[in-house]
Amino acid sequence: MPSPDPGDDETPAHSPAIELRAVTRVYRDRPALGPIDLAIPAGEFLTVVGPSGCGKSTLLSLVAGFAPPTAGTVLADGAPVRGPGPSRGVVFQQPRLFPWLSVSGNIAFGLRRLPKAARKERVAELLAMTGLENAARLKPYELSGGMRQRAAIARALAPRPKVLLMDEPFGALDAFTRERMQEEIRDLWRSTGVTVLFITHDVTEASTLGTRVIALAGPPGRISLDARVSEGLREKVEAAIRDAASARAA
Ligand SMILES: Nc1ncnc2c1ncn2[C@@H]1O[C@H](COP(=O)(O)OP(=O)(O)OP(=O)(O)O)[C@@H](O)[C@H]1O
């Protein structure tokens with residue numbers, strides 16, 4: 001009789017895209033986060049909302065691998081996170097594009113290991129996906145705020161990360177651009193199947209944009225609510241936002 005494979009229970013395909021096990025983070029003796037237990041299945045669009053200082057960015061930086069947890073474990077696809085990696089793309093509130101590179105150059109930056117033809121093809125794909133075809137040669141200072149953020153999203157998606165980590169990505173945009181970007185990020189999420197962890201302090205954004213919302217209270221940040229977003233509500237709020245936007249444009 002064949003013996004059972006001892007690794008079966010740990011098959012990465014069954015692991016959540018991201019998992020935090022009893023994670024805490026302390027800065028200079030001051031607890032900022034945790035303990036947190038959280039599993040984010042692949043393909044989920046999770047929004048994290050909470051007041052300023054409750055630990056949202058700390059949570060994201062631990063998942064990104066920018067900082068280690070003080071205690072506990074952060075896992076990506078079942079493997080401990082030991083630093084930043086190409087499977088986790090990050091988008092910040094300020095786009096942080098390289099000012100000396102064009103939009104194409106910025107998108108291509110993380111693709112240096114690809115052969116030239118494949119790199120060109122992937123950049124073209126990302127430009128089309130984010131509606132930046134006509135801005136390919138422009139430098140960041142020549143872009144609007146929304147275009148800059150789209151370029152940053154394209155750059156983060158270029159290496160096909162499994163997880164996209166977004167830290168208040170639309171916080172610096174005007175309300176109109178922000179609504180458009182919210183629709184666009186949902187379209188990108190649908191078309192790429194990427195797992196999204198999206199930080200916001202905007203309650204409406206948190207409760208309508210994703211498939212699941214967690215609220216943090218703190219510091220130290222703890223999960224005070226973990227709820228599934230009702231599909232019906234989201235569609236209704238999206239339709240209302242679209243109507244409001246087209247009424248304004250008319
Ligand atoms: N590098 C750091 N050194 C020391 N303390 C820090 C550091 N980063 C964050 N903190 C502290 O940890 C706590 C959580 O901060 P964090 O930035 O994660 O909160 P946040 O919810 O993202 O806030 P905001 O919405 O204002 O961005 C705060 O008390 C903050 O002062």
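Author: The buried residues of helix α5 are covered by elements that include the strands β3 (45-49) and β8 (195-200) and the helix α6 (203-209). This is a predicted model, and what follows describes that prediction. The residues of α5 that lie under this cover are Gln182, Ile185 and Trp189, which are buried. Seen down the axis of α5, these buried residues fall within an arc of 70°, so they line one face of the helix. The face turned away from that buried side carries Asp187, Arg190 and Ser191, which are exposed. As for its length, α5 runs over residues 175-192, which makes 18 residues, and the distance from its first C-alpha to its last is 26 Å, close to the 26 Å expected at 1.5 Å a residue. Just after the helix comes Gly193, which takes a positive phi of about 75°.

Helix α3, residues 116-129, can be read in a similar way. In α3 the buried residues are Val123, Leu126 and Leu127. Because these three cover an arc of only 100° around the axis, they sit on the same side of α3. They pack against α2 (103-108) and α4, whereas on the other side of α3 the residues Ala117, Ala118, Glu121 and Ala128 are exposed. After α3 comes Gly131, and its phi is positive, near 65°.

Helix α1, residues 56-64, gives another picture. Of its 9 residues, 8 are buried, so α1 is largely enclosed by the rest of the structure. The buried ones are Lys56, Ser57, Thr58, Leu59, Leu60, Leu62, Val63 and Ala64, and the helix is followed by Gly65, whose phi is positive, near 90°.

If its neighbours within four places in sequence are left aside, Leu197 is in contact with Ile18, Ile40, Leu46, Val48, Leu60, Val63, Val163 and Leu165.

For the protein chain as a whole, the secondary structure comes to 7 helices and 10 strands, and 35% of its 250 residues count as buried.

The protein chain averages a pLDDT of 88, and 88% of the residues score at least 70, while the predictor gives the complex an ipTM of 0.97 and a pTM of 0.87. Over residues 1-12, however, pLDDT stays under 50, and for this stretch the model has 3 contacts beyond four places in sequence. Where pLDDT is low, the predicted coordinates should not be read in detail.

Methods:
Residues are numbered from 1 along each chain as its sequence is written. This is a predicted model: local features need pLDDT of at least 70, side-chain atom pairs count only at pLDDT 80 or more; totals for chains, interfaces and linings use all residues. Two residues are in contact if their C-beta atoms, placed from the backbone, lie within 7 Å. Helices (H or I, at least four residues) and strands (E, at least two) are DSSP runs, numbered from the N terminus. The expected span of a helix is 1.5 Å times one less than its number of residues. A residue is buried if 20 or more other C-beta atoms lie within 10 Å of its own, exposed if 12 or fewer, and partly exposed in between; C-beta atoms are placed from the backbone. The arc is that of the directions from the helix axis to the C-beta atoms. pLDDT is the predictor's confidence in each residue, from 0 to 100.
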